[in-house]
Number of protein chains: 2
Amino acid sequence: MAGAWHSGPVSIERPRAGIVVTGTEVLTGRVADANGPWLAEQLRAAGVDVGQIVVVGDRPQDLTSALTHLAAGHQLVITTGGLGPTADDLTAAVVADFQRRPMALDPELEERIGAIVGSLMARWAVRHDPAATAAGVRKQALVPAGATALGPAGTAPALVVPAPEGTDGPPVVVLPGPPSELRASWVDAVAAPEVRAVLAGAPPLRQETIRLWAMPESELAATLRRIEDDVKPLEITTCLRDGELEIVSRFAPQDEAAQQALAAAIRADFGDALFSPDGTTVDELIARGLSGRGWTAAIADRATGGHLPSRLIRRGGRFVGAQVSTALEPVSADAALALATGIRDEFDVAVGLGLTAIADGAVHLAVVTPDGGDTRSLTGAEPVLRRRVEAAALHLLLPLVQG
Amino acid sequence: MAGAWHSGPVSIERPRAGIVVTGTEVLTGRVADANGPWLAEQLRAAGVDVGQIVVVGDRPQDLTSALTHLAAGHQLVITTGGLGPTADDLTAAVVADFQRRPMALDPELEERIGAIVGSLMARWAVRHDPAATAAGVRKQALVPAGATALGPAGTAPALVVPAPEGTDGPPVVVLPGPPSELRASWVDAVAAPEVRAVLAGAPPLRQETIRLWAMPESELAATLRRIEDDVKPLEITTCLRDGELEIVSRFAPQDEAAQQALAAAIRADFGDALFSPDGTTVDELIARGLSGRGWTAAIADRATGGHLPSRLIRRGGRFVGAQVSTALEPVSADAALALATGIRDEFDVAVGLGLTAIADGAVHLAVVTPDGGDTRSLTGAEPVLRRRVEAAALHLLLPLVQG
């Protein structure tokens, strides 16, 4: 919003990093990338500005083009993926070429990777061709001249590859694609001198999030226009989804007052819609509410095909069970109440949440707690109801578990 | 793999498109982007080569930088998102500036958008400030000179913005961010003369996928090295996840023989691991198997917190229910069988799938069908088991429902 147009203190004098995510499977959507945003967030917390993530397929010319683009105007470039044992895993070779550093076999590294791969093969008891395995190990032990090899966290080492000799281009940090290996390697990468030098120049950057429920974005725009002068130092972005409006601001620590002005204006104008002044998600607030009351909960789900239970149970803790069915029973507020009461008894928990099937343009929700309960009915077109039913159920639950 | 290094026929003489996904919420991972990969797939099917997707936050300078990068070397540039009513939705203005075309209010469009917004406000019964709403409508009715406004599918029109007068740069297609609006707008965009001109130059491109279960990637690499000459015209990428190995090849229709050579070699070398010669997913194959036998199924899940049931039930059809619990009961193959039998009775279905809790470094799976059943036990570290249990359950189920 307003602040995004004149985000002086946030973007000026801050080192910039660019991220390249490699993999045709990411480019074509067969795999959703979590690495780019995770790295962007790590860098942001370190005070580094990330303005772009480039996703490229497994083709050397596209990767080179992305590196060329980001090397101009960024003090650090990070790649993810493409370090596996097969020939389409070409990141190390392309980055070496880009930084004009020939690849050479590191025999000590080859031995280390060989030992890791050998023990994996033995543990998984997979059949394998020793020659193919050895070729894969050798490929992963090739390191660009002058680069630092880190790890390996999995079977492929991460690399910090300095700029070509005699130039002042950015170093390129080459990280493996599997998220757990990437995260482990990042810890080592941050300690490498080339990366430390970039991070040392980064003034701290704060980020705050405020969440509202059932509030149109245009209302917020009017408020922001009114307080425009007060929030100038903030870079504000908003995002509306399924009825929740999220307001994220980034600012230098000395501009804390502007953030407080924003928070005060939102509280004054939209106090009843404000459910999370500190960015805590509704899922987490419900978990805390249940925890605070010492309650456990279970869900009878006829509406989301198990998606809402999965979302609540997988975060661990207070949701201990669910019964999911696609049966098209009669739908009404009473039916939702019966579901909530039934599931509460079945799992012997304090809180039951019931969602009826979506039928005849309606869905009914009910919550039963030791203090009482509540129901809500939504009507509308089926695709809209499908999108909105989860958030509606969570926001029906929240006030009842917060006590 | 091998083919990716010399993908002549695939990438040469093919128009290239670049995609820019906008939104700080995507850059920071608060929202996962589905639009970029979806567009890449549409363009691929139309014979257009997409080598890069650039994700940028809501900052004009980053968007301009991405446009500059992609406009060099691409015949078409597509942006998604940033067309909303608030000031941080700046895509239309930045693209107009980039193509050197001043923005002007389209009064007819303003009236149309106003009517849509008015009816939405009335339907949702949201409180709103008429002045703020009108400002948002006016913003969305600004169109770059010489551009074509399409739709709107939601409240924001899509735009086809030609290159600056007197230059031969690519047109930029500006699409809205909400996926349903983006997909509706894409149909109109493809019909616009500037886009038609690019697509007309695209020779067709085919894509085939082969899936294997429980096969190390290095084995495949050895086979591909052996048949390297036969598969030269293919661009092959492989992706291993949770035990499934996916092999995707792209090729011009006249190179069909190379794809057949690849398929034959895989069948010969890895016939028992090959479960999907045409790319059909294991989920879909299970659904078809159940359908073919006239069977329905239900799941007792102590292992995935409801994730596997949600995945199977939400695709609709044959999975009709689940019982999910986080209880840590004793785990054994017999316990898994009891779960499978119990859930089969509870939902009165033909097939029961049971997953015990993950405990003491083990998880046990069982399937019961009218023809008999099967069990499998996995052992290992807990995080590894968590990742592998779903695929293992599906591949235990598959042969039993395929009959």
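The legends below describe close-up views of a predicted model.

**View 1. The interface of chain A and chain B.** Chain A brings 86 residues to the contact, and chain B brings 86 residues as well. The size of an interface is often given as the accessible area lost when the parts come together. For chain A with chain B, the buried area is about 6600 Å², and carbon and sulfur atoms account for 52% of it.

View 2. Six salt bridges are found between chain A and chain B. In one salt bridge, Arg59(A) is paired with Asp49(B), and their closest N and O atoms lie 2.9 Å apart. On the side of chain A that touches chain B, the most residues come from strand β2 (residues 49–56) of chain A, which gives eight. By residue class, that side of chain A holds 38 nonpolar, 26 polar and 22 charged residues.

**View 3. Strand β2 of chain A beside strand β2 of chain B.** The two strands run antiparallel, and five bridges join β2(A) to β2 (residues 49–56) of chain B. Within this pairing, Val55(A) has Ile53(B) in β2(B) as its bridge partner.

**View 4. An open sheet of four strands in chain A.** The strands of this sheet follow the order β10-β11-β9-β12 (chain A), and their pairing is antiparallel. At the edges are β10 (235–241) and β12 (274–276) of chain A, each of which pairs on one side only. From one strand to the next, the twist averages 25 degrees. Strand β9 (residues 206–213) of chain A is joined to β12(A) by two bridges, and these strands run antiparallel. Here Leu212(A) stands opposite Leu274(A), a residue of β12(A). Helix α15 (residues 382–402) of chain A packs on the sheet, where it touches β9, β11 (244–251) and β12 of chain A. The direction of α15 makes about 90 degrees with that of β9(A).

**View 5. An open sheet of four strands in chain B.** This sheet has the strand order β10-β11-β9-β12 (chain B) with antiparallel pairing. Because β10 (235–241) and β12 (274–276) of chain B stand at the edges with a single partner strand each, one side of each is left without a neighbour in the sheet. Neighbouring strands are turned against each other by 25 degrees on average, direction ignored. Two bridges connect β9(B) and β12(B), which pair in the antiparallel sense. Arg211(B) has Ser276(B) in β12(B) as its bridge partner. Helix α10(B) packs on this sheet and touches β10 and β11 (244–251) of chain B. Its direction makes about 160 degrees with that of β10(B).

**View 6. A salt bridge within helix α6 of chain B.** Arg112(B) and Glu108(B) form a salt bridge, with 2.8 Å between the closest N and O atoms. Both residues belong to helix α6 (residues 107–124) of chain B, where they are four residues apart, about one turn of the helix. Over all chains, the count of salt bridges comes to 44.

View 7. In chain A, the peptide bond that joins Gly151(A) and Pro152(A) is cis, with omega about 5 degrees. Pro152(A) is part of the loop between β6 (148–150) and β7 (158–161) of chain A. In chain B, a cis peptide bond runs from Gly151(B) to Pro152(B), and omega is near 0 degrees. Pro152(B) sits in the loop between β6 (148–150) and β7 (158–161) of chain B.

**View 8. Positive phi at Ala214(B) and Asp360(B).** Although Ala214(B) is not a glycine, its phi is positive, at about 60 degrees. The loop that holds Ala214(B) lies between β9 (206–213) and α10 (217–226) of chain B. Asp360(B), also not a glycine, has a positive phi of about 55 degrees. Asp360(B) is in the loop between β15 (351–355) and β16 (362–369) of chain B.

Terms used. Residues are numbered from 1 along each chain as its sequence is written. Chains are lettered from A and ligands numbered from 1 in the order in which they are written. This is a predicted model: local features need pLDDT of at least 70, side-chain atom pairs count only at pLDDT 80 or more; totals for chains, interfaces and linings use all residues. Side-chain values use heavy atoms; hydrogens and water are left out. Contact means heavy atoms within 4.5 Å. Buried area is the accessible area (1.4 Å probe) that two parts lose on being put together, summed over both. A salt bridge is a side-chain nitrogen of Lys or Arg within 4 Å of a carboxyl oxygen of Asp or Glu. Ala, Val, Leu, Ile, Met, Phe, Trp, Tyr, Cys and Pro count as nonpolar, Asp, Glu, Lys and Arg as charged, and the others, Gly among them, as polar. Two strands pair if DSSP finds at least two bridges between them. Axes are lines fitted to C-alpha atoms, for helices over the stretch in contact, and angles run from 0 to 180 degrees between N-to-C directions.
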